[in-house]
Amino acid sequence: MATQIKPQPETLPVSIDDVRTAHARIRDSIVRTPTLISRTLSQMTGATVYLKFENLQFTAAYKERGALNTLLQLSEEAKAKGVIAASAGNHAQGLAYHANRLGVPATIVMPRNTPTVKIVQTEGHGANVVLEGDTFDAAYAHARVLEGERGFTFVHPFDDPRIIAGQGTVAIEMFEDVPSIDTLVTPIGGGGLISGMATVARAQPKPVEVVGVEAELFPSMYNRINGTDMPCAGDTLAEGIAVKEPGGITARMVAQLVDDILLVNERSLEEAVSLLLQIEKTVVEGAGAAGLAALLAHPGRFAGKTVGVVLCGGNIDTRLLANVLLRDLARSGRLARLRIRLQDQPGALFNVARIFDQERINIIEVYHQRVFTTLPAKGLITDIECEARDAAHLHRLIDALRAAGYDTTPVELA
């Protein structure tokens, strides 16, 4: 009987030697970020959770690694002409910073609607910022035009073996620090980070599971790998991984090296950002919290495992961060808005406030509504924003208000 020949795995464009060489090349010019256990998050999730603090890089994201690895391999002629990229995020800053440090001219093309703070930060790293188009695709197309016209070297944010090898150095350091890690949980945008990290995972002397994480609103790599056609659109907190089309190189590597891809919703992302600030006292952006969001959303999937999670970036708008934290306080019952029906007569609000005082609940804001209401002319609606110790404390207040005869309804978050 003839012997059946199994197909050999595809030879991939990035090897473990490429990643090790990249690490030797860049290690003296990047921050050796720590990989630390989180005992509290471990208790919450049932896994042993180690966090890799890539939000502590100088530009607050891992993107520096791949950008620097690419810059250091350019010819002297290419360095003299300069580099160009299309990015409104961490890739722009990482490339601009290291190009400036190495004396390489850098041009970054950004959409016109890029927040001013990102433009200013990128220019602060010495880059020439060009605003073009209203979408990333338009900025990308213009960058490729400038590349041809001016002889720049285009530095792709993820679909380049040099970029992938550089990003993989994150995992080199994680396994050096914590050899017992048996599962990597890594955010996926274009796929550069997980491709590099999976390359390292497959070279370990023991089996290591590699799990990718995408936002539910942008399941682009999930679609590519699983043959699905879910929409990629929406306003996600994890804009750093909101990629509509993953890379060709990275998709091949993910298909061969990654065990699973999980999707997380916006509420899980918000909870993860908030927990990391409260528990670990560290600021991460939505994409940087995606790994923890997956552990929170799928605890049974990781129970009992030793999990390495990359906090891949910390560049979040401060106003957005404030909103996330306040929404989390509201969901936990520590902040609330109560809608109370009153009679429009003297002392009505005073009597309600007495109940808040009796229950030791702090009133933050009061909103009276007399005109735009379906109540009779002598009735009014009052919304009171308040602060409690926890959900049980808040429920005692609501019970006391209702016992006193007040029609009281919590205003729920979306």
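Predicted model: local features only at pLDDT ≥ 70, side-chain atom pairs only at ≥ 80, totals over all residues.
How many residues does α12 have, and how far does it reach from its first C-alpha to its last? I started my notes with that one. The answer is 15 residues and 21 Å, close to the 21 Å expected at 1.5 Å a residue.

**Overall look**

I counted up the secondary structure next: the protein chain holds 17 helices and 14 strands. I then checked its extent, and the C-alpha trace spans about 85 × 60 × 45 Å along the principal axes. Of the 414 residues, 50% count as buried. I also looked at the contacts with a separation of 6 or more, and 71% of them come from residues 24 or more positions apart.

**Back to α12**

Which residues of α12 are buried? I have S268, L269, E270, A272, V273, S274, L275 and L276 on my list. I wanted to know what covers them, and the cover includes the helices α2 (39-45), α13 and α15 as well as the strands β2, β8 (209-215) and β9 (260-264).

The axes of α12 (residues 266-280) and α15 (residues 318-331) come within 9 Å and cross at roughly 100°. Angles of 65 to 115 degrees count as roughly perpendicular, so I put α12 down as roughly perpendicular to α15.

Who meets whom there? From α12 I noted R267, E270, E271, V273, S274, L277 and Q278; on the α15 side they meet L321, V324, L325, R327, D328 and R331. Sorted by type, the residues of this contact come out as five nonpolar, two polar and six charged. E270, V273 and S274 turn up both in this contact and among the buried residues of α12.

**α13, one of the covering helices**

I went on to α13 (residues 290-297). Six of its eight residues are buried, so I have this helix as largely enclosed by the rest of the structure. The buried ones are A290, G291, L292, A293, A294 and L295.

**Just past α15**

S332 sits in the loop between α15 and β11 (335-343). I get a relative accessible area of 33% for S332, which means partly exposed. What does S332 touch, leaving aside residues up to four places away in sequence? It touches D390 and A391. I also checked S332 against S195, 137 residues apart along the chain, and their C-alpha atoms are separated by 37 Å.

**α17**

A391 took me to α17 (residues 391-403), which has 13 residues. Its reach from first C-alpha to last is 18 Å, close to the 18 Å expected at 1.5 Å a residue. I found H393, L394, L397, I398 and L401 buried in it. Why do I place them on the same side of α17? They cover an arc of only 140° around the axis, so they share a side. The general rule I had in mind is that an α-helix has 3.6 residues a turn, so residues three or four places apart point the same way.

**Positive phi**

Most residues other than glycine have a negative phi. A60 has a phi near 70°, and R360 has one of about 60°. Both are in loops: A60 between β2 (48-52) and α3 (63-71), R360 between α16 (348-358) and β12 (362-369).

Buried or exposed, I asked of A60? At 13% relative accessibility, A60 counts as buried. R360, at 61%, counts as exposed.

Notes
Residues numbered from 1 in each chain as written. Heavy atoms only, no water. Axes fitted to C-alpha atoms, helices over the stretch in contact; angles between N-to-C directions. Helix = DSSP H or I, 4+ residues; strand = E, 2+ residues; numbered from the N terminus. Parallel < 35°, antiparallel > 145°, perpendicular 65-115°, else oblique. Contact = heavy atoms within 4.5 Å. Nonpolar A, V, L, I, M, F, W, Y, C, P; charged D, E, K, R; others polar. Expected span 1.5 Å × (residues − 1). Buried < 20%, exposed > 50% of the residue type's maximum accessible area, 1.4 Å probe, protein only. Arc of directions from axis to C-beta.
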